[in-house]
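This report describes selected features of one structure, shown below. It covers a metal site, a helix and a sheet.

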Amino acid sequence: MRLLSYKGGRGVRAGAVLDGAVVDLWDALGAPEGRRPAPGAAVAAHPTGVRALLEAYDLSAIAAATEGAEPGPAVSEVELLPPVTDPQKIVCIGLNYAAHAAEAGMEPPAAPTFFAKFANALAAPGATVTLPAASEKVDYEAEVAFVIGTRASDVGVEAALDHLAGYTLLNDLSARDLQFQTPQWIPGKVFDGSAPCGPYLVTPDEAGAPDAIGIALDLNDERMQSSDTSDLIFGVAELVAHLSRLMTLEPGDIVSTGTPAGVGSTRQPRVWLGDGDTCVVSSPQLGELVTRIAR
Ligand code: MN
């Protein structure tokens, strides 16, 4: 199943793809009675978005409602938004592919390295992202991200995958000059639009094995990165388990798993994003995330 967020006349809506058309999931599931937001969970900013949906319904209920639903407009006719528009957390893992750690001249970490982005970073599929004036050296990073479906606190590796809602694509746009000004990478990771995300939230049954998800990036039609999640140093289940020991993960939280080799800052000559560039992050399982760059 492919879930999505879109903007309609009724604001931010959660949908599913059925034969190329969008099923509005709040219409399909009816009034959100029986909602089960976890005790203590913050109220979703978008009450008819995907995060609120995940707080209210199991994937099985969503799938059942989708099957019998009346398809709405074609996917190509709606304005897609990031699959989760109002996550509590956007966690990004660094140095999680051995070949990327090597090209960056860094030792693969003994425990997952991570940093955060904030909601201002999210950009929709097909969006144009304006480069920050504060940086001259913005780079791309194609990543497979996963989204939490059910609250996860101190879960073990063996139960970790049960907490997933699915997977999506994320381009961890990175201002390298700001990233390395201080020991913390966050200054280079937080500019507006620095996390294009989407197009879909692909559920685990459709995405297949978590260690076999392809990931590639084309910059202006030239292949720059190509790998799959079998090369992750810390796999999806390990990341859920590790992070859930440090903090409670909530429905809609996004965890981006890191980028493979081939980023622009390690190339000779170096490649920085500029006005008019187009990044396409793609995956056979997860689709295609197109982002245009403007200065
Ligand atoms: Mn990254």
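A residue is termed buried when its relative accessible area is under 20%, with a 1.4 Å probe and protein chains only. The model is predicted.

**Metal site.** Because its relative accessible area is 5%, E141 counts as buried. E143 is likewise buried, at 0% relative accessibility. Both glutamates belong to the manganese site, where E141 (OE), E143 (OE) and D172 (OD) coordinate the ion at 2.0 to 2.1 Å. The spacing of these donor residues along the sequence is E-x1-E-x28-D.

| Residue | Relative accessible area |
|---|---|
| E141 | 5% |
| E143 | 0% |

**Helix α3.** Helix α3 spans residues 59-67, and its buried residues are I62, A65 and T66. These residues lie on the same side of α3, because they cover an arc of only 100° around the axis. S60, A64 and E67 are exposed on the other side of α3. The elements that cover the buried residues of α3 include the strands β1 (2-8), β2 (11-18) and β3 (21-24), together with the helices α1 (25-29) and α2 (50-56).

**Sheet.** Strand β14 (residues 214-219) runs antiparallel to β15 and is joined to β15 by 6 bridges. D218 stands opposite R223 in β15.

Note on methods: Residues numbered from 1 in each chain as written. Predicted model: local features only at pLDDT ≥ 70, side-chain atom pairs only at ≥ 80, totals over all residues. Heavy atoms only, no water. Pairing = 2+ DSSP bridges. Helix = DSSP H or I, 4+ residues; strand = E, 2+ residues; numbered from the N terminus. Buried < 20%, exposed > 50% of the residue type's maximum accessible area, 1.4 Å probe, protein only. Arc of directions from axis to C-beta. Contact = heavy atoms within 4.5 Å. Donors = N, O, S within 2.8 Å, 3.2 Å for Na, K, Ca; no water.
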